[in-house]
Amino acid sequence: MRLLPLVVTVVFTVAVAYYIYIPLPDAIQEQWKLMLLDAGFRTAMHLASLKHWLGIDHYVTSIRGSTSVFEGTMKGFMSSESGSAVIPGVKVSDIEFVGIPVRLYEPPAGGEGHLRRGLMYFHGGGWALGSGKKGSYDANNRIVSDELNTVVVSVEYRLYPEVHFPVPYLDCLAAAKHFLSPEVLAKYAIDPERVAVAGDSAGGNLAAAVAQEISLDESMSVKFSVQALIYPVLQALDFNTPSYIQNQHIPVLHRTLMVRFWLQYLGADLSLLPQLMVNNHSASHHSTITPELRSRVDWTTLLAQKYKKNHKPVIAEKGSNEDVKVPGLLDVRASPLLAGPEVLAKCPRAYVITCEYDVLRDDGLMYARRLQDAGVTVTNDHIEDGFHGSFSFTTWPMEFHVGKRMFRGYLNWLQNNL
Ligand SMILES: *[C@@H]1O[C@H](CO)[C@@H](O)[C@H](O)[C@H]1NC(C)=O
């Protein structure tokens, strides 16, 4: 009987399809590609957890390893050596800014009396993964440098588990201060009136936090003129915003993963995850969380009805959860959305990309709204069919139309505002 192999094949196929298939909202395009990508990520996470549990490797280092293998394999299929479009005119060098590794992109034109734009970029990856030197980050920074005649500096700040908050923030801040010094701007022929800070996801968090600090720093003669925040992470008090609930299972940033990234970044006990999921860490009896602070992340007043829908706020009442201690929870350097209006008022003009299918949608929408209320000019580009991570899926093999559209939007905004 040849029945057994057939049965095995069918069962296996069904199992694989079951593992890969996830129901996605109709508005999201290229669904199968996204499902495969998500299945790849999930597999990497599962393998990493297994290795961690077996004591072979820290799971974060293991995930980094598997994404490199994935990229390496894909690049093997390609004729060009680097996965990114190499733009001949752009000079790329890996150097250090006050001891922090950065990748510098210098556009072909410029020098000799022609001042260029400047842009500092912080990549995303939950403060634990990613590198500005890889994939779409590298490709996109080259394009910005070339098309907008911009000196781009992409910062390789240190990551978890080697470090946690505030180290990544301090690395970025130090690199930013160095970049904005009159000597460095002069050295690279950058116009001090046209320097941007930008970042996506955790990098958007760092960009927002660094922009705030620089805006307040009286000793800095040159400040960022604009900030571009791509689906930034901005607060850790409420993991039950409408977007956290609506998009909790949408790839690639699942709700539990974002909460985990926060615990790691803040150096908190990872076993607190279930508590944070129900907002026990920001329960109403926490006296340090004043009504004033709460109002700064209060989506019931900061979001439009279109986003609030029928969602109800989750505020844990009381109980014996005094031991839900999360260091840095109220530190504005970690949660820029907690800054007061007097701080926001000093911040540079902003471009904020938010995606409908992203747990962080409401973080970005609330920040855009609060900056606006503080008198800052804000362009909020809300991507109706966008999902978290799409901005860095613009190069083959991880290429999505929506990501390319977002990148063009970002480029156009910089063209007109920087
Ligand atoms: C949240 O806190 C309450 C009150 O202490 C507790 O009963 C509940 O188990 C906590 N929830 C979780 C998921 O730990």
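Histidine 388 touches Ser201, Tyr231, Pro251, Val252, Leu253, Tyr357, Asp358 and Leu360 when residues up to four places away in sequence are not counted. These contacts, like the other values reported here, were computed from a predicted model. The side chain of histidine 388 also makes a polar contact with the side chain of serine 201, at 2.8 Å. In the chain, histidine 388 lies in the loop that connects strand 8 (378–387) with strand 9 (394–395). Its relative accessible area is 7%, so histidine 388 is classed as buried, the cut-off being under 20%.

Serine 201 is placed in the loop between strand 5 (190–200) and helix 7 (202–216). With a relative accessible area of 8%, serine 201 is likewise buried. Apart from neighbours within four places in sequence, serine 201 is in contact with Gly124, Ile230, Tyr231, Pro232, Val233, Leu360 and His388.

The structure holds 2 cavities of 30 Å³ or more. The largest cavity, with a volume of about 50 Å³, is lined by Met45, Tyr59, Val60, Ile63, Ala128, Leu129, Leu257, Arg260, Phe261 and Gln264. Helix 3 (59–76) and helix 9 (255–266) each contribute at least two residues to this lining, and helix 9 gives the most, with 4 residues. By class, the lining of the largest cavity comprises 8 nonpolar residues, 1 polar residue and 1 charged residue.

The second largest cavity has a volume of about 30 Å³. Its lining consists of Tyr121, Tyr137, Asn140, Asn141, Val144, Phe407 and Tyr410. At least two lining residues come from each of helix 4 (135–147) and helix 16 (401–417); helix 4 accounts for the largest share, 4 residues. This lining has 5 nonpolar and 2 polar residues, and no charged residues.

The lining of the second largest pocket divides into 6 nonpolar, 3 polar and 3 charged residues.

Note on methods:
Residues are numbered from 1 along each chain as its sequence is written. This is a predicted model: local features need pLDDT of at least 70, side-chain atom pairs count only at pLDDT 80 or more; totals for chains, interfaces and linings use all residues. Side-chain values use heavy atoms; hydrogens and water are left out. Ala, Val, Leu, Ile, Met, Phe, Trp, Tyr, Cys and Pro count as nonpolar, Asp, Glu, Lys and Arg as charged, and the others, Gly among them, as polar. Buried means under 20% relative accessible area, exposed over 50%, partly exposed in between (1.4 Å probe, protein chains only). Contact means heavy atoms within 4.5 Å. A polar contact is a pair of N or O atoms within 3.5 Å; within protein, one must be able to donate a hydrogen and the other to accept it, and residues adjacent in sequence count only if both atoms are side-chain atoms. On a 1 Å grid over the protein atoms alone, a cavity is a set of points where a 1.4 Å probe fits but cannot get out, and a pocket is an open set with protein on both sides within 12 Å along at least five of seven lines; lining residues have an atom within 4 Å of a point. Grid points are joined across faces, edges and corners, and a volume is the space filled by probe spheres set on the points.
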